[in-house]
Amino acid sequence: MRTVDWDSANAQVKLIDQRRLPGSLVVLSFSRYQDLVEAIRNMTVRGAPAIGVTAAFGVVLAAWYATPPTLEEARREIKKAMELLRASRPTAVNLFWALDRIHQVAEAPYENMDALRRALLAEAQRMAEEDVATNRQMAMHGAALIEDGDTIIHHCNTGALAAVDWGTALGCIRMAHEQGKRIHVLVDETRPRLQGARLTAWELEQYGISYEIICDSAAGAFLRGGKVQKVFFGADRVAANGDVANKIGTYMLSLAAHANGVPVIAVMPLSTIDLQTPHGGMIPIEERDPAEVLNLQINGEPVAPKGARARNPAFDVTPHTLISAWVTERGVITPPFDVHFQAILEAGSKPN
Ligand code: MRU
């Protein structure tokens, strides 16, 4: 089952409701792009590649249900949908990459509404298929870095739920497992939204991979204790110098891994690399509702005193100097990022 899918019988977008996992596997259907914007904002769907493909389907919905069903009205709705989708979350560059890509299709000339709808749907479906194929390629490259017997710390959720299928860093771990390597995953719970404890643990259960959930703050002790061979995470945006914006806590984890000589491996499709952003300090970091931090309860009581205030940055930036390897669908990039990134791009564009 895919995280994001198109239901052709009903012309609707289907999303696994990630707010309900692991308790319930609920699939929601959407026919209004405005509801899809809200689903991205409230994290019904989350993870950089997943929100990119969802946004592309949002543009399909805008054209599909334009009333009156004229080309002119569809273009007006598409423009509104683009603006709302662009404003839904700021950090994951895949969202903007996907919207720019589908915008080019929307801008082409069409004979009638039906032709426009079909072209948009075909492009969104192509993006979904490409996402799965890309993730499988990344998984193969990343799995080659994993050895039999490795214990890996993994941050946030980067699995099938964070993409259309397979995902990024967790996809590499899953592939290594399918290749027969024995792996143990220490799952950072990933405060405050607990993507690790809820979603990554749920996925690892499905795949039959050995894991234990740890508090984010326990990672340093495991790394110092020599119990961990690798750290794996995904990325929401990679700057041109290789700095990685990812879920809050990634930076502290990388610092602790680097200080203990444990390789830090970031996994991302090329669509997550933003060459327009020279370094990580220029990546917009989403600040979410403080309630996500404050609503933690123990014994049915809020842990924070009434009136407490909180800060809730959703992402942080790990400088490229802490990263040992960036895994992409084209292969593994080792430092220095800028030089070796160009090299894999050039190698990929040469005819075989
Ligand atoms: O706030 P989220 O859950 O959307 O954040 C997701 C992450 O930070 C993932 O690690 C990232 O998207 C890369 S994995 C596909």
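In the classification used here, Ala, Val, Leu, Ile, Met, Phe, Trp, Tyr, Cys and Pro are nonpolar, Asp, Glu, Lys and Arg are charged, and the others, Gly among them, are polar. By that scheme, the shell around the ligand holds 7 nonpolar, 7 polar and 4 charged residues. The structure is a predicted model, in which local features need pLDDT of at least 70 and side-chain atom pairs count only at pLDDT 80 or more, while totals for chains, interfaces and linings use all residues. Residues are numbered from 1 along each chain as its sequence is written, and side-chain values use heavy atoms, with hydrogens and water left out.

The ligand is surrounded by 18 residues, a residue being counted if one of its heavy atoms lies within 4 Å. The closest are R46, R89, D236, N246 and K247. At least three residues of the shell come from each of domain 1 (4-135) and domain 2 (141-349), with bounds taken from an automatic or database domain assignment.

A polar side-chain atom of K247 is 2.7 Å from a ligand oxygen. The side chain of Q195 places an N or O atom 2.9 Å from an oxygen atom of the ligand, and a polar backbone atom of A48 is 2.9 Å from a ligand oxygen. Taken alone, the ligand exposes 410 Å², and the protein buries 100% of that area, as computed by the Shrake-Rupley method with a 1.4 Å probe. Two elements, α2 (48-64) and β9 (244-247), each give two or more residues to the shell; helices (H or I, at least four residues) and strands (E, at least two) are DSSP runs, numbered from the N terminus.

Most residues other than glycine have a negative phi, and most peptide bonds are trans. A cis peptide bond, with omega about 0°, joins R191 and P192; P192 lies in the loop between β5 (184-188) and α7 (195-207). Another cis bond links P335 to P336, again with omega about 0°, and P336 belongs to the loop between β16 (331-333) and α11 (337-349). C156, although not a glycine, has a positive phi of about 70°.

Technical notes
A polar contact is a pair of N or O atoms within 3.5 Å; within protein, one must be able to donate a hydrogen and the other to accept it, and residues adjacent in sequence count only if both atoms are side-chain atoms.
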